[in-house]
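Biologist: I have the sequence and the model open side by side. Can you walk me through some of the helix packing and a few single residues?

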Amino acid sequence: ILEGDCRTPKPALAVLECLAEVDAADVAPMADVIASYLTEAEADVRRQAAICITTLTEADPADTVGTVPALTKLLEDRTASHHAAHSLSLLAEADPEAVTPAAPVLADALTDDTLTDGARLGATAALGRVANRDPTVAVDLVDDVAALLEVENPKLRNNAAGLLWEVSRLH
């Protein structure tokens with residue numbers, strides 16, 4: 001469906017995402033092909049690819065662990081931030097070491113109040129899961145994370161508290 005010269009990747013990616021919702025195992029072998037669209041020039045295509053990767057990651061993070069660099073780039077350039085952060089969070093739960101290189105971008109995202117709460121929530125969760133394995137990745141963020149304890153979103157506050165707890169294990 002995406003092999004060769006696919007002139008309309010966005011609808012094809014949407015179809016694959018729908019198929020992945022029904023049976024991700026059938027779509028998982030195409031994860032690398034889908035991931036190649038995470039770096040596509042057109043933002044809508046990158047966004048649809050991120051949605052599809054998120055659906056695959058929800059089913060089995062092992063199928064998408066190779067997408068960490070591209071998801072990090074999406075979060076960094078603020079394209080599909082919510083889906084990129086959510087996928088990184090799921091991947092960090094399954095394999096924190098694979099997501100560790102994304103820690104600086106996750107840190108930037110969790111403090112960026114121009115992002116949606118969903119993107120910040122995912123970034124905070126991902127960084128917390130990485131910090132569970134290596135608290136030093138977030139030790140310089142204590143003041144920024146503590147500021148999140150004052151935001152309206154209770155889930156974001158909760159994730160911030162969890163991240164602070166992970167960092168506190170150093171002391």
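Biologist: How do the axes of helix H4 and helix H7 cross?

Modeller: The axes of H4 (residues 68–76) and H7 (residues 103–110) come within 10 Å, and they cross at roughly 30°. That makes H4 roughly parallel to H7. Angles under 35 degrees count as roughly parallel, over 145 as roughly antiparallel, 65 to 115 as roughly perpendicular and the rest as oblique. Axes are lines fitted to C-alpha atoms, for helices over the stretch in contact, and the angles run from 0 to 180 degrees between N-to-C directions. The helices themselves are DSSP runs (H or I, at least four residues), numbered from the N terminus.

Biologist: Where do these coordinates come from?

Modeller: This is a predicted model, in which local features need pLDDT of at least 70 and side-chain atom pairs count only at pLDDT 80 or more, while totals for chains, interfaces and linings use all residues. Residues are numbered from 1 along each chain as its sequence is written, and side-chain values use heavy atoms, with hydrogens and water left out.

Biologist: Back to H4. Which residues meet between H4 and H7?

Modeller: On the H4 side they are Thr72, Leu75 and Glu76, and on the H7 side Val105, Leu106 and Ala109. Contact means heavy atoms within 4.5 Å. By class, the contact of H4 with H7 has four nonpolar, one polar and one charged residues. Ala, Val, Leu, Ile, Met, Phe, Trp, Tyr, Cys and Pro count as nonpolar, Asp, Glu, Lys and Arg as charged, and the others, Gly among them, as polar.

Biologist: Which residues of H4 are buried?

Modeller: Val68, Ala70, Leu71, Thr72, Leu74 and Leu75 are the buried residues of H4. Buried means under 20% relative accessible area, exposed over 50%, and partly exposed in between (1.4 Å probe, protein chains only).

Biologist: And what do they pack against?

Modeller: The buried residues of H4 pack against H3, H5, helix H6 (96–99) and H7. Just after H4, arginine 78 takes a positive phi of about 65°.

Biologist: You mentioned H3 and H5. What is the angle between H3 and H5?

Modeller: H3 (residues 43–59) and H5 cross at roughly 20°, with their axes coming within 9 Å. H3 and H5 are therefore roughly parallel to each other.

Biologist: What makes the contact between H3 and H5?

Modeller: From H3 it is Ala50, Ile51, Ile53, Thr54, Thr57 and Glu58, and from H5 it is His83, His86, Ser87, Leu90 and Leu91. Sorted by class, the contact of H3 with H5 has five nonpolar, five polar and one charged residues.

Biologist: Is serine 81 buried or exposed?

Modeller: Serine 81 counts as buried, because its relative accessibility is 8%. Its place is in helix H5 (residues 81–94). Leaving aside neighbours within four places in sequence, serine 81 is in contact with Leu74, Leu75, Leu115 and Ala119.

Biologist: New topic. How many disulfides are there?

Modeller: The structure holds zero disulfides, where a disulfide is a pair of cysteine sulfur atoms within 2.5 Å. Cysteine 18 is in no disulfide, and the nearest cysteine sulfur, that of cysteine 52, is 9.0 Å away.

Biologist: Now the loops. Where is threonine 100?

Modeller: Threonine 100 lies in the loop between H6 and H7. At 28% relative accessibility, threonine 100 counts as partly exposed. The C-alpha atoms of threonine 100 and valine 130 are separated by 6.0 Å, although these residues are 30 residues apart along the chain.

Biologist: Last one. What does valine 142 touch?

Modeller: Valine 142 touches Leu164 and Val167, not counting residues up to four places away in sequence. Its place is in helix H9 (residues 142–147), and at 32% relative accessibility valine 142 counts as partly exposed.

Methods
Helix = DSSP H or I, 4+ residues; strand = E, 2+ residues; numbered from the N terminus.
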